[in-house]
Amino acid sequence: MKSTLVFIILAANLLSFASNVSADKTILAGGCFWCMESDFEKLEGVTDVVSGFTGGSLKNPTYNGNHKGHFEAVEITYDPNKVSYKNLLDYYWVNVDPFDSRGQFCDKGESYLSAIFVANEAEKNIAEQSKRDVESKFPNNKVVTPILSASTFYPIKGDESYHQDFYKKSPIRYKAYRWNCGRDKRLKELWGDEAVH
């Protein structure tokens, strides 16, 4: 009996370890991280989405303090056996306005710009192809979303951790913000039925 219990515990630990090994991460910026977190947590194969900052040189940026030079972004953990990196990017594009050089929707300024952060050459090639695909759909518009090398991602934490899963913690305030910001209206204008929100 004891050896069976030990075997079951070991097997469970190995399965848990194996599932973590197959997880991958990527960082995407698309304006308000509340909205990006909400949108990506709905995608099958995504196991975790964390709000934070990346892209700047300032260490330990904060939301209410200094985050100059950083993008509001999300770190997405996903199972590549269920959703590919290409699928993530296809989903990303229809959740942003890739033509806005001033920010995203009602949020303007450098921290609200869209960007794809790539960790290696393979991701860069996939991201560049996905950007070309968007450009071919909109030949009269300039896609301004850059493809940048991934750098340190700083999760929102401490006193500002209320930003994590904000859409779950404050659903009424979140829905009011999203509607007033015109995000879904603009996504529908751009992407039609492809817009998923």
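This is a predicted model: local features need pLDDT of at least 70, side-chain atom pairs count only at pLDDT 80 or more; totals for chains, interfaces and linings use all residues.
Leu 43 sits in the loop between H2 and strand S2, which spans 46-54. Its relative accessible area is 17%, so Leu 43 is buried. And what is Leu 43 in contact with, once we leave aside its neighbours within four places in sequence? The answer is Val 83, Leu 88 and Tyr 91. Leu 43 is also 9.8 Å from Val 196, C-alpha to C-alpha, although 153 residues separate the two in sequence.

Phe 40 brings us to the core. In soluble globular proteins, nonpolar side chains tend to be buried together. Here the largest nonpolar core has 41 residues, and Phe 40, Trp 93, Ile 116 and Trp 191 have the most contacts inside it. Helix H3, residues 85-93, gives the most to this core, with six residues. Another core, of eight residues, lies apart from it, with Ala 73, Ala 115, Phe 117 and Phe 153 among them. Back to Ile 116 for a moment: beyond its neighbours within four places in sequence, its contacts include Ile 27, Leu 89, Trp 93, Ala 127 and Ile 147.

Now for the rings. There are 10 aromatic pairs in the structure. One of them joins Phe 33 and Phe 53 edge-to-face, at 5.9 Å centre to centre and with 70° between the planes. This pair links helix H2 to strand S2, across 20 residues of chain. Both Phe 33 and Phe 53 are buried. Phe 71 and Phe 117 also pair edge-to-face, with centres 5.4 Å apart and planes at 80°. Because Phe 71 is in strand S3 and Phe 117 in strand S6, that pair ties together parts 46 residues apart in sequence. Phe 33 and Phe 53 also form one aromatic cluster with Tyr 63.

Last stop: Arg 178, in helix H6, residues 171-181. Is Arg 178 buried or exposed? Its relative accessibility is 5%, so Arg 178 counts as buried. Its side chain makes a polar contact of 2.7 Å with the side chain of Tyr 174, and another polar contact, of 2.8 Å, joins it to the side chain of Asp 184.

Methods. Residues are numbered from 1 along each chain as its sequence is written. Side-chain values use heavy atoms; hydrogens and water are left out. Helices (H or I, at least four residues) and strands (E, at least two) are DSSP runs, numbered from the N terminus. Buried means under 20% relative accessible area, exposed over 50%, partly exposed in between (1.4 Å probe, protein chains only). A polar contact is a pair of N or O atoms within 3.5 Å; within protein, one must be able to donate a hydrogen and the other to accept it, and residues adjacent in sequence count only if both atoms are side-chain atoms. A nonpolar core is a set of buried Ala, Val, Leu, Ile, Met, Phe, Trp, Tyr and Cys residues joined through side-chain atoms within 4.5 Å. Contact means heavy atoms within 4.5 Å. Rings of Phe, Tyr and Trp (its six-membered ring) pair if their centres lie within 6.5 Å; planes under 30 degrees apart count as stacked, over 60 as edge-to-face and the rest as tilted.
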